[in-house]
Amino acid sequence: LSLEKEINEAIARQQFSLVFQPKISLFDFGITGVETLIRWQHPEKGMITPDRFIPVAEETGQILEIGSWVLEQSCRQISSLIRSNVLPEHAKVAVNLSARQFTDPHLLQRIRSVLEITNIPPHCLELEITESTLMEDVESAIQIMQEIKKTGVAIAIDDFGTGYSSLAYIKRFPIDVLKVDRSFVMDIPEDKNDMAITAAVIAMAHKLSMTVVAEGVETQEQLQFLRQNNCDEGQGYLFSRPLSLGQLHQFLSENE
Ligand code: G
Ligand code: G
Ligand code: MN
Ligand code: NA
């Protein structure tokens with residue numbers, strides 16, 4: 001069976017699920033929100049990682065249906081976690097948007113309807129868009145982002161530093177959150193160049209009034225460096241791996 005057909009079966013048989021990776025404040029170590037990440041439990045092949053099937057679903061267009069489900073499901077989950085006081089009122093859920101979803105003419109309508117159906121305040125939702133997606137067509141990306149901003153939903157630029165973005169455009173993007181890519185954080189403190197870039201990106205983002213999240217934080221040394229350089233939030237195995245809903249409950253009760 002082709003992966004495309006298998007993805008159709010996966011959609012029909014509800015083989016997709018979500019895991020949640022906490023984002024932590026580097027000032028008080030409280031949880032600021034979660035990023036949702038999709039998982040595919042295949043009945044015979046076991047877990048298929050998003051790196052394998054997201055590019056295929058993007059190619060075939062199946063990502064629109066999958067992404068729409070991820071968006072609604074993410075908002076439902078965060079809503080119930082806030083209502084049951086498991087997450088604080090200000091907690092956000094961050095959802096990854098692929099390029100095809102970002103340019104889908106129905107995106108705005110879908111965002112508005114999901115906010116309405118799940119009844120979450122718009123500021124609780126953040127959309128993560130990669131630098132490369134934004135650079136595909138800069139002028140229309142700016143327009144789409146402005147429309148998203150009008151709904152009250154926040155925008156994060158994901159994998160920052162790995163695409164081909166120009167600083168001339170960054171200043172025109174209405175971005176709330178900048179996520180420093182894991183590849184820069186990974187070799188801190190051994191790689192002095194990565195440290196210089198990370199510190200400079202944090203300072204730049206702050207001057208552009210963005211919140212900065214460091215991805216892939218795995219060690220105390222990295223944490224210390226990020227705190228010294230006023231990075232706002234961290235995400236990574238040092239704090240927590242992506243968790244199932246049950247594990248997230250457990251994590252939050254242990255970290256109160
Ligand atoms: O843990 P991880 O293997 O989940 O993620 C691998 C890649 O897949 C990352 O680049 C991540 O952004 C992407 N990804 C994970 N979940 C989703 C999703 O729901 N939608 C999209 N478009 N990408 C996702
Ligand atoms: O591209 P995006 O940033 O959305 O991808 C998130 C990916 O990073 C997921 O595959 C997630 O499982 C992975 N991830 C999250 N934290 C860590 C970490 O501390 N180390 C490593 N190696 N991967 C991480
Ligand atoms: Mn992401
Ligand atoms: Na990223």
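## Quick briefing: fold, strand pairing and the ligand shell

The protein chain has 12 helices and nine strands. Keep in mind that this is a predicted model. Below is a quick tour, from the overall build down to the surroundings of ligand 1.

**Overall build**
- For 256 residues, a compact globule would come out with a radius of gyration near 18 Å, and the protein chain agrees, since it has 18 Å.
- Taken along the principal axes, the box filled by the C-alpha atoms is roughly 50 × 45 × 35 Å.
- Some 38% of the 256 residues count as buried.
- Looking at contacts with a separation of 6 or more, 64% come from residues 24 or more positions apart.

**Strands β7, β8 and β9**
- Strand β7 (residues 177–180) runs parallel to strand β8 (residues 211–214), and four bridges pair them up.
- One of the bridge partners here is V213 in β8, which goes with K179.
- β8 also pairs with strand β9 (residues 233–234), again in the parallel sense, over two bridges.
- On that side, V213 has E233 of β9 as its bridge partner.
- To get from β8 to β9, the chain passes through helix α11 (residues 220–228), making a right-handed β-α-β crossover.

**Around ligand 1**
- The residues surrounding ligand 1 are L37, I38, T49, P50, D51, I54, G67, V70, N96, S98 and P242.
- Elements giving two or more residues to this shell are β2 (31–42), α2 (50–60) and α3 (63–83).
- α2 supplies the largest share, three residues.
- Sorted by class, the shell has six nonpolar, four polar and one charged residues.

Notes:
Residues are numbered from 1 along each chain as its sequence is written. Chains are lettered from A and ligands numbered from 1 in the order in which they are written. This is a predicted model: local features need pLDDT of at least 70, side-chain atom pairs count only at pLDDT 80 or more; totals for chains, interfaces and linings use all residues. A residue is near a molecule or strand if its C-beta atom, placed from the backbone, lies within 6 Å of it. Ala, Val, Leu, Ile, Met, Phe, Trp, Tyr, Cys and Pro count as nonpolar, Asp, Glu, Lys and Arg as charged, and the others, Gly among them, as polar. Two strands pair if DSSP finds at least two bridges between them. A crossover is right-handed if, with the strands pointing away from the viewer, the path from the first strand over the helix to the second runs clockwise. The radius of gyration is taken over C-alpha atoms; the globule rule is 2.2 Å times the number of residues to the power 0.38. A residue is buried if 20 or more other C-beta atoms lie within 10 Å of its own, exposed if 12 or fewer, and partly exposed in between; C-beta atoms are placed from the backbone. Two residues are in contact if their C-beta atoms, placed from the backbone, lie within 7 Å.
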